[in-house]
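Here is a friendly note to read beside the model. Take a moment to look at the aromatic rings before you go on.

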Amino acid sequence: TVDAKDGATLWKERFSGVFSASPVAIDGKIYLTNEDGITYVLAAGREKKVLAENDLGERILASLAVSGGRIFVRTDENLYCIGKD
């Protein structure tokens with residue numbers, strides 16, 4: 001993660017897996033999804049804080065999509081909608 005003002009590196013971390021999807025920022029969180037179907041949820045901020053690690057168990061190549069307070073995840077086999085009714 002880098003400082004938006006001056007580009008200085010704040011911290012580095014190598015998450016496991018191959019990443020084709022772009023990171024997505026939503027409501028103070030950063031979502032990183034790898035091709036094995038694992039999404040890492042990080043707190044946006046100057047320090048590394050992993051909030052969750054979620055495994056769908058399906059291959060994901062597409063970036064997450066966000067609309068109406070919901071997150072859409074497209075795997076090779078399914079389309080998931082995550083959010084509140």
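**Notes on the aromatic rings**

1. Let's begin with Phe 15, which counts as buried at 15% relative accessibility (buried means under 20% relative accessible area, exposed over 50%, partly exposed in between, with a 1.4 Å probe and protein chains only). This is a predicted model, where local features need pLDDT of at least 70, side-chain atom pairs count only at pLDDT 80 or more, and totals for chains, interfaces and linings use all residues. Residues are numbered from 1 along each chain as its sequence is written, and side-chain values use heavy atoms, leaving out hydrogens and water.

2. Tyr 40 is buried too, with a relative accessible area of 4%. Phe 19 and Tyr 40 form a tilted aromatic pair, 6.4 Å centre to centre with 35° between the planes. Rings of Phe, Tyr and Trp (its six-membered ring) pair if their centres lie within 6.5 Å; planes under 30 degrees apart count as stacked, over 60 as edge-to-face and the rest as tilted.

3. Why does this pair tie together parts that are 21 residues apart in sequence? Phe 19 lies in the segment before S1, whereas Tyr 40 is in strand S3 (strands are DSSP runs of E, at least two residues, numbered from the N terminus). Phe 19 itself counts as partly exposed, at 33% relative accessibility.

4. How many aromatic pairs does a search of the whole structure find? The search finds two. In the pair of Phe 15 and Tyr 40, also tilted, the centres are 4.8 Å apart and the planes 45°.

5. To put the picture together, ring pairs link Phe 15, Phe 19 and Tyr 40 into a cluster.

Terms used:
Helices (H or I, at least four residues) and strands (E, at least two) are DSSP runs, numbered from the N terminus.
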